[in-house]
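This briefing concerns the ligand surroundings and the aromatic contacts of one structure. Please consult the sequence and the model alongside the text.

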Amino acid sequence: MAEVDHLAAERATARFDVEEMKVAWAGSRHAVHVADRMARLVASDPVFRKDNRTMLSRKELFKDTLRKAAHAWKRIVELRLTEEEADLLRQYVDQPGYVDLHWGMFVPAIKGQGTEEQQHKWLPLAYKFQIIGCYAQTELGHGSNVQGLETTATFDPKTDEFVIHSPTLTSSKWWPGGLGKASTHAVVYARLITEGKDYGIHGFIVQLRSLEDHSPLPGVTLGDIGGKFGSGAYNSMDNGVLRFDHVRIPRDQMLMRLSQVTREGKYVHSNVPKQLLYGTMVYVRQSIVADASKALSRAVCIAVRYSAVRKQFGSQDGGPETQVLNYKTQQSRLFPLLASAYAFRFVGDWLNWLYTDVTQKLEAKDFSTLQEAHACTAGLKAVTTSVTADAIEECRKLCGGHGYLNSSGLPELFAVYVPACTYEGDNVVLLLQVARILMKTVSQLASGKQPVGTMAYMGKVQYLMQCKSAVSSAEDWLNPDAIQEAFEARALRMAVNCAQNISQAASQEEGFYERSPDLLEAAVAHIQLIIVTKFIEKVHQEIPGHGVKEQLQALCNVYALYILHKHLGDFLATGCITPRQGALANEQLGKLYAQVRPNAVALVDAFNYTDHYLGSVLGRYDGDVYPALYEEAWKDPLNETVVPEGYHEYLRPLIKQQQLKLSRL
Ligand SMILES: CCCCCCCCCCC/C=C/C(=O)SCCNC(=O)CCNC(=O)[C@H](O)C(C)(C)COP(=O)(O)OP(=O)(O)OC[C@H]1O[C@@H](n2cnc3c(N)ncnc32)[C@H](O)[C@@H]1OP(=O)(O)O
Ligand SMILES: Cc1cc2nc3c(=O)[nH]c(=O)nc-3n(C[C@H](O)[C@H](O)[C@H](O)COP(=O)(O)OP(=O)(O)OC[C@H]3O[C@@H](n4cnc5c(N)ncnc54)[C@H](O)[C@@H]3O)c2cc1C
């Protein structure tokens with residue numbers, strides 16, 4: 001704990017029990033303890049140091065990532081950490097690397113798409129790191145359109161093998177993390193061809209590198225795709241390029257849980273939806289939603305603490321200036337982001353529950369909830385990552401000039417985070433998937449089919465299409481039913497409007513194409529409704545701890561009313577609320593910000609992040625920002641010498657030349 005606490009006064013104003021809020025945030029007392037232990041384990045180990053990361057060359061950074069991954073594994077084995085502890089330890093190491101794809105996609109792909117026999121063979125190797133795997137789906141020419149992939153896997157019955165081949169430049173695998181330099185194996189997605197027929201995309205386990213000397217196997221061309229956005233950041237990852245020249249693999253390395261090729265070359269598809277092939281993506285999308293709340297809460301923690309320390313203006317007589325956190329504009333930009341971090345945390349927990357539930361149903365051959373899982377994971381992934389990426393940048397601006405320094409932690413956090421809007425499905429492409437499902441649901445309403453799950457509200461179509469909000473005072477907006485109704489009516493009316501417009505087009509497809517910008521907005525409205533609903537449900541539960549429930553209630557209202565204020569056009573255009581009711585929502589929002597203000601620092605303390613994990617001189621727990629900023633500056637390699645390299649080559653001759661010219665005048 002810090003010796004000087006510049007934020008002590010802020011912490012003293014909190015009107016709730018921070019320790020209990022930590023439990024609400026983490027999910028359980030056990031979760032707080034485990035996270036705490038793992039965070040401290042990482043923070044106290046010099047190998048996991050990360051304050052010099054943005055100053056390393058790409059090669060040094062990559063080697064540093066390999067070192068950290070190997071050390072993390074050593075500690076996991078030595079300390080016999082559980083899976084939960086190991087996951088947390090890796091999270092706190094906080095450096096993207098091949099292990100993310102090995103554990104996050106390679107292993108889940110084999111678990112989800114491999115037969116029991118295949119799992120028995122491959123998983124123990126992966127669990128012990130005897131092989132390192134990645135997920136090779138995207139190609140140079142095809143990412144979003146999975147069905148358009150070109151790599152082929154042609155069955156050769158003579159040898160009982162598949163021949164994996166990259167027929168064109170655009171079929172080169174391009175982007176897979178861990179592929180460029182680290183992986184020995186990959187799950188490769190390719191078009192399955194047998195008996196002269198193309199059966200579409202399937203997964204195959206392919207060995208890429210020798211297990212003896214790591215050199216690429218014959219017919220395999222491999223490399224890194226080059227530097228990426230920002231310094232440090234995602235450059236620790238070896239995103240790779242991969243080409244196959246008629247590489248042969250045994251038939252039993254096709255992942256055969258969903259469909260099989262027999263020894264004779266017959267294609268057999270099990271009686272399951274073909275979309276189960278996309279299962280690994282669904283799994284990762286749900287984990288990305290949980291990650292969004294982590295990234296967002298880190299940025300918000302930095303911005304809130306620094307805003308409480310930073311002072312500007314407001315002093316007439318040489319007295320202390322005003323903390324920037326007291327400016328209403330700072331609050332109106334920052335507190336909705338604080339509320340969003342909590343909102344994403346709770347919707348992430350719910351999504352994890354949904355995913356587990358759907359997985360259990362799938363095991364029992366019940367596929368009825370597959371569409372719900374797809375819509376929720378795709379939509380929530382899209383909305384939470386877009387908001388988080390924008391919010392990190394907003395937090396940088398909220399920290400003024402110092403936010404632009406690498407030592408603030410925000411530039412690197414942004415650069416690491418922003419590709420989440422693209423990977424695991426471009427956000428626009430994913431929202432259009434949600435929109436397609438919304439349109440399908442609207443079209444089924446007429447036939448009396450009752451929508452279920454998160455679409456159930458659409459069943460109240462008669463009421464929601466004509467209801468009028470009863471809000472008549474600012475306080476009325478604190479009623480969760482008023483909020484819920486306004487959000488449901490807005491989402492449904494936007495979807496119905498789109499459906500009506502599409503129905504006037506020459507064809508459904510043409511109409512969908514023409515109306516896709518409106519469909520995106522309808523999909524966002526639907527997803528925001530889910531987030532608001534899950535937050536309201538959370539607050540309705542019993543939540544122990546002095547004042548904890550009240551704070552969460554306030555944050556829930558901030559989240560909902562901020563969205564209402566920001567998207568007021570939608571609510572007005574659909575006639576869900578009147579301009580006066582919109583103004584009342586904004587009035588209430590201002591009151592809520594005042595309620596959050598004395599609790600703000602304690603609300604970010606409840607995230608329970610160590611200074612190591614935050615990696616920010618501005619977000620330090622003790623708030624002792626200025627000495628840290630000053631000290632950090634001197635660590636820059638440019639300050640290793642007082643006179644810079646290049647002075648004698650470039651600066652001195654220039655200055656001397658000018659002096660000579662002047663002396664001649
Ligand atoms: C602890 C874990 C830590 C994890 C850490 C991981 C670290 C992350 C690092 C980042 C790694 C990044 C990896 C990647 O990016 S991997 C590559 C990801 N690629 C994509 O996401 C591609 C996106 N494209 C698609 O998913 C599909 O192409 C798309 C859905 C857009 C279209 O598919 P398709 O052409 O087949 O289909 P249609 O649109 O015509 O739909 C047909 C029907 O299928 C339904 N559908 C589609 N997808 C799914 C799904 N996933 N699940 C269930 N159902 C699905 C769709 O609704 C249609 O249904 P109907 O026929 O009923 O209308
Ligand atoms: C950091 C990073 C890590 C990655 N890791 C992996 C990995 O491990 N394994 C792997 O296989 N892949 C990986 N990928 C690839 C990633 O999954 C793809 O980049 C992603 O799916 C987007 O596809 P794309 O690049 O083809 O984008 P494109 O589809 O080409 O998108 C370009 C633009 O077109 C728009 N667009 C595309 N289709 C439509 C449409 N139907 N309607 C409207 N607009 C559309 C998009 O919104 C976007 O604005 C990674 C990517 C990144 C950036």
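Which helix gives the most residues to the shell around ligand 1? Helix α8 does, with 5 residues. This is a predicted model, in which local features need pLDDT of at least 70 and side-chain atom pairs count only at pLDDT 80 or more, while totals for chains, interfaces and linings use all residues. Residues are numbered from 1 along each chain as its sequence is written, chains are lettered from A and ligands numbered from 1 in the order in which they are written, and side-chain values use heavy atoms, with hydrogens and water left out.

**Ligand 1**

- Around ligand 1 there are 26 residues, of which Ser 144, Gln 275, Tyr 278, Glu 424 and Lys 440 come nearest; a residue is near a molecule if one of its heavy atoms lies within 4 Å of it.
- At least two shell residues each are supplied by α6 (98–113), α8 (279–309), α10 (370–398) and α12 (427–445); helices are DSSP runs (H or I, at least four residues), numbered from the N terminus.
- By class, this shell has 12 nonpolar, 11 polar and 3 charged residues; Ala, Val, Leu, Ile, Met, Phe, Trp, Tyr, Cys and Pro count as nonpolar, Asp, Glu, Lys and Arg as charged, and the others, Gly among them, as polar.
- Polar contacts with a ligand are pairs of N or O atoms within 3.5 Å. A polar side-chain atom of Lys 440 lies 2.6 Å from an oxygen atom of ligand 1, and a backbone N or O atom of Glu 424 lies 2.8 Å from an oxygen atom of ligand 1.
- The protein buries 76% of the 1,300 Å² that ligand 1 exposes when taken alone; accessible areas come from the Shrake-Rupley method with a 1.4 Å probe.

**Ligand 2**

- Ligand 2 is surrounded by 20 residues, and the closest are Tyr 135, Gln 137, Thr 138, Ser 144 and Asp 426.
- The largest share of this shell, 3 residues, comes from α12.
- The shell around ligand 2 has 10 nonpolar, 8 polar and 2 charged residues.
- Gln 137 places a backbone N or O atom 3.0 Å from an oxygen atom of ligand 2, while a polar side-chain atom of Gln 137 lies 3.3 Å from a nitrogen atom of ligand 1.
- A polar side-chain atom of Thr 138 lies 2.7 Å from a nitrogen atom of ligand 2.
- Of the 970 Å² of accessible area that ligand 2 has on its own, the protein covers 63%.

**Aromatic pairs**

- The model has 24 aromatic pairs, counted where ring centres of Phe, Tyr and Trp (its six-membered ring) lie within 6.5 Å; planes under 30 degrees apart count as stacked, over 60 as edge-to-face and the rest as tilted.
- Trp 25 and Phe 607 form a tilted pair, 4.4 Å centre to centre with 50° between the planes.
- This pair links distant parts of the chain, as Trp 25 in helix α2 (residues 18–26) and Phe 607 in the loop between α20 (600–605) and α21 (611–614) are 582 residues apart.
- Trp 25 counts as buried because its relative accessibility is 5%, and Phe 607 counts as buried at 3%; buried means under 20% relative accessible area, exposed over 50%, and partly exposed in between (1.4 Å probe, protein chains only).
- Tyr 630 and Trp 634 form an edge-to-face pair, 6.0 Å centre to centre with 70° between the planes.
- Tyr 630 is exposed at 58% relative accessibility, and Trp 634 is exposed at 53%.

Conventions: Polar contact = N/O pair within 3.5 Å; in protein donor to acceptor, adjacent residues only side chain to side chain.
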